Amino acid sequence: MEKLTDLPAWQALLEHKKQNENILMRDLFTQDKNRFEEFHLRFHDILLDYSKNRVTRETMSLLIDLAKQSGIKDWTEKMFSGEKINHTENRPVLHTALRNRSEQPVYVNGQDVMPEVLSELEKMRTFSDAIRSGQWLGYSGKPIIDIVNIGVGGSDLGPVMVTEALTPYGKTGLHVHFVSNVDPSHICNTLRGLDPERTLFIVSSKSFTTQDTIMNAQTARDWLIENSRNESAVAKHFIAVAANVEAATSFGIEKENIFKMWDWVGGRYSLWSSIGLSVAIYIGMDRFESMLQGAYEMDQHFREAPLEENMPVILALLGIWYNNFHNAESHVLLPYDQHLHRFPAYFQQGDMESNGKSITRDGNLVDYATGPIIWGELGITGQHAFYQNLHQGTHLVPADFIVPLDSLNPVGDHHIVLLANFFAQTRALMTGKNEDEARAELIAEGCSEEEVERLYPSRLMPGNKPSNTILFKALTPKTLGSLIAMYEHKIFTQGIIWQINSYDQPAVELGKKVAATIYQDLKHHNAVENYDASTNGLIKYFLENSND
């Protein structure tokens with residue numbers, strides 16, 4: 001494998017950056033009145049405008065060359081065909097199989113996995129229909145009205161995000177709750193006010209040994225038994241999404257109420273599997289499968305579209321342009337839709353757990369930046385919080401602005417005001433405010449000549465801050481599926497170019513192992529001397545001062 005920084009396209013991009021160091025987007029738009037037409041893409045009802053970036057035709061051509069020299073198309077086929085591209089764990093990466101809506105087989109170790117995938121989807125349909133119709137009854141004969149999903153990481157963030165995003169499509173009278181934090185306040189606050197006779201728990205854990213999840217599940221189990229005074233009630237109120245069937249049945253869950261997980265699906269890509277059961281129950285299986293359809297159609301676009309017309313590839317290349325050639329260390333996601341308020345958190349995990357790596361596929365230490373810090377917030381909230389830094393701060397922070405053209409809750413001019421702010425911010429970040437404009441503004445405010453000279457520097461904004469604009473008709477299950485898949489493939493593309501494995505997470509496992517050792521010391525009040533001085537001192541302080 002040729003080193004990334006030795007690729008001809010990489011070297012050409014370095015030279016191109018030097019020659020265009022002072023490029024201003026203002027000037028690019030002045031010089032080319034049709035810039036929007038050239039630098040935007042459409043996929044069904046989704047529009048990506050990337051014209052407000054520090055790029056020219058030559059920039060994009062060189063970035064496309066980088067993608068080609070990195071073998072993006074070949075690696076894409078390896079992923080879709082079930083090759084073991086997760087080389088450190090010797091596994092395929094086939095979350096795309098979970099949403100394969102064609103009749104084409106997908107093979108793992110020579111076996112078509114699609115019959116099993118479709119069977120599991122049908123099982124989800126049968127179960128979700130039983131809950132939604134009131135056919136499934138609790139231990140006292142009452143139907144379920146509250147669903148509590150107990151999981152962590154990918155078993156929590158995806159279902160939370162999608163449930164919040166698709167709230168307008170949820171079944172009236174059915175409430176979904178999520179517990180992920182081992183802090184007892186999370187499970188206790190969730191249980192408070194719930195009716196044990198009408199509550200169903202979904203325990204989502206591949207191994208069924210994840211400490212945070214199992215402790216929360218055990219607390220919920222104790223709560224149910226205490227209220228029902230009947231241990232057999234567990235069978236009516238607990239189901240599992242797990243690979244470890246034996247552990248789940250030992251917990252008291254009936255075997256037929258255990259949904260499958262496969263080792264060729266990573267946790268942060270598992271939303272499309274039975275991990276999404278809480279979503280399917282809430283919005284109905286038809287809408288869940290509509291979300292799968294939207295993701296499948298984006299999969300086909302990513303797999304088949306030329307690189308120059310490929311939404312995930314273009315987003316990935318723009319990210320690399322700023323991360324590796326402009327030293328931008330973070331990227332912000334700014335949805336202007338209340339329902340998408342958990343979207344940034346979901347892709348914070350999706351991106352940073354995937355591409356927060358420093359070792360190449362060849363086992364060498366990288367000497368270039370990889371995954372950026374992903375963060376974000378609702379756009380309107382951000383405008384009154386951190387946009388000041390985006391406009392006038394000293395850090396370059398590329399941004400994705402995301403908004404539907406139509407609100408699912410049309411009231412007066414609310415959505416028009418929202419869109420006015422949305423369009424204004426992308427323009428203001430691009431144009432900024434120069435000296436002439438700052439002076440003219442102060443003069444218009446009636447400031448004296450002396451005040452103008454004193455105040456105008458504080459009004460200067462450099463502009464030239466890059467952003468992508470993502471528009472779509474309305475937030476439907478299908479469109480949401482396409483948006484999620486688009487970002488998944490962006491992450492994949494960047495990982496391939498950076499020559500890293502986007503599908504393992506050894507650092508996550510390290511923290512778990514250290515925590516397991518410390519847990520025993522805390523539990524048994526051991527005198528500790530075997531850690532560093534800081535950790536020893538902190539544990540000692542806890543043992544001497546805590547009531548636990």
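Contact is taken here to mean heavy atoms within 4.5 Å. The structure is a predicted model, in which local features need pLDDT of at least 70 and side-chain atom pairs count only at pLDDT 80 or more, while totals for chains, interfaces and linings use all residues. Residues are numbered from 1 along each chain as its sequence is written, and side-chain values use heavy atoms, with hydrogens and water left out.

Leaving aside neighbours within four places in sequence, L442 is in contact with C447, V452, L455, Y456 and R459. L442 belongs to helix α19 (residues 435-444); helices (H or I, at least four residues) and strands (E, at least two) are DSSP runs, numbered from the N terminus. With a relative accessible area of 0%, L442 is buried, where buried means under 20% relative accessible area, exposed over 50% and partly exposed in between (1.4 Å probe, protein chains only). The C-alpha atoms of L442 and T479 are separated by 45 Å, the two residues being 37 residues apart along the chain. Y456, one of the contacts of L442, also has R439 over the face of its ring, at 4.3 Å from the ring centre. A charge sits over a ring if NZ of Lys or CZ of Arg is within 6 Å of the ring centre and within 35 degrees of the ring normal. K236 likewise lies over the face of W136, at 5.4 Å from the ring centre.

As a whole, the protein has 23 helices and 13 strands. Along the principal axes, the C-alpha atoms fill a box of roughly 80 × 60 × 60 Å. Of the 548 residues, 54% count as buried. Among contacts with a separation of 6 or more, 75% are between residues 24 or more positions apart. The protein exposes about 24,500 Å², of which carbon and sulfur atoms supply 50%; accessible areas come from the Shrake-Rupley method with a 1.4 Å probe, and for residues only the protein chains shown count as cover.

An open sheet of 5 strands shows parallel pairing in the order β6-β5-β7-β8-β9. Its edge strands, β6 (175-179) and β9 (258-259), each pair on one side only. Two strands pair if DSSP finds at least two bridges between them; β5 (residues 146-150) and β6 pair in the parallel sense over 5 bridges. N149 stands opposite F178 in β6.

The structure holds 24 aromatic pairs. The rings of W375 and F386 have centres 4.7 Å apart and planes at 65 degrees, so this pair is edge-to-face. The pair links distant parts of the chain, 11 residues apart, with W375 in strand β11 (residues 373-376) and F386 in the loop between α16 (379-383) and α17 (387-392). Rings of Phe, Tyr and Trp (its six-membered ring) pair if their centres lie within 6.5 Å; planes under 30 degrees apart count as stacked, over 60 as edge-to-face and the rest as tilted. W375 is partly exposed at 25% relative accessibility, whereas F386 is buried at 18%. Ring pairs join Y336, W375, F386, Y387, F401, F422 and F423 into a cluster.

S51 lies in the loop between β2 (46-49) and α4 (57-69) and is buried, with a relative accessible area of 2%. Not counting residues up to four places away in sequence, S51 touches F29, R35, F36 and F39.
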